[in-house]
Amino acid sequence: MIKKLLFSLNFQIIEAKDGLEGWSLMIKEKPDLVLLDLYMPNKNGFDTLKDMQEEWVDIPTIILSGDHSSKTIHSCLSNGATAFIPKPINKDEFYRKICE
């Protein structure tokens, strides 16, 4: 669903198999937007957000996660995430957040 929506909006998509590959691609490609899951192998989303701040990587980042406790959302937003979208993803909410 996410890929279809992004393609329909003419986004170019770069996918990573895990957090470490995602970090490398982010540094190399410098995308306009990052969609980031929190729980990934090799480098989780929390570590990625912290590394983005430490390395001054200023890319809008939307967190997509099934862990939507207030503590998790607060942690993500206070560590540089632009927005948080809980899973399962609501198509309309997702569209609004990526178009902001």
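Colleague: Which loop holds Lys-30?

Modeller: This is a predicted model, where local features need pLDDT of at least 70, side-chain atom pairs count only at pLDDT 80 or more, and totals for chains, interfaces and linings use all residues. Residues are numbered from 1 along each chain as its sequence is written, and side-chain values use heavy atoms, with hydrogens and water left out. Helices (H or I, at least four residues) and strands (E, at least two) are DSSP runs, numbered from the N terminus. Lys-30 sits in the loop between α2 (19–29) and β1 (34–37).

Colleague: What is the phi of Lys-30, and is Lys-30 buried or exposed?

Modeller: Lys-30 is not a glycine, yet its phi is positive, about 50°. Buried means under 20% relative accessible area, exposed over 50%, partly exposed in between (1.4 Å probe, protein chains only). Lys-30 has 59% relative accessibility, so it counts as exposed.

Colleague: Where is Asn-42, and is Asn-42 buried or exposed?

Modeller: Asn-42 also has a positive phi, about 70°, without being a glycine. Asn-42 lies in the loop between β1 and α3 (45–54). Its relative accessibility is 61%, so Asn-42 counts as exposed.

Colleague: Which residues does a cis peptide bond join?

Modeller: Look at the loop between β3 (83–86) and α5 (91–99), where Pro-88 is found. Omega is about 0° at the bond between Lys-87 and Pro-88.

Colleague: Which feature does UniProt place at residues 1–100?

Modeller: That span is 46% helix and 13% strand, and its end C-alpha atoms lie 19 Å apart. UniProt positions use the numbering here, feature names are shortened, and annotations may be inferred rather than shown by experiment. The unreviewed UniProt entry gives "domain: Response regulatory".
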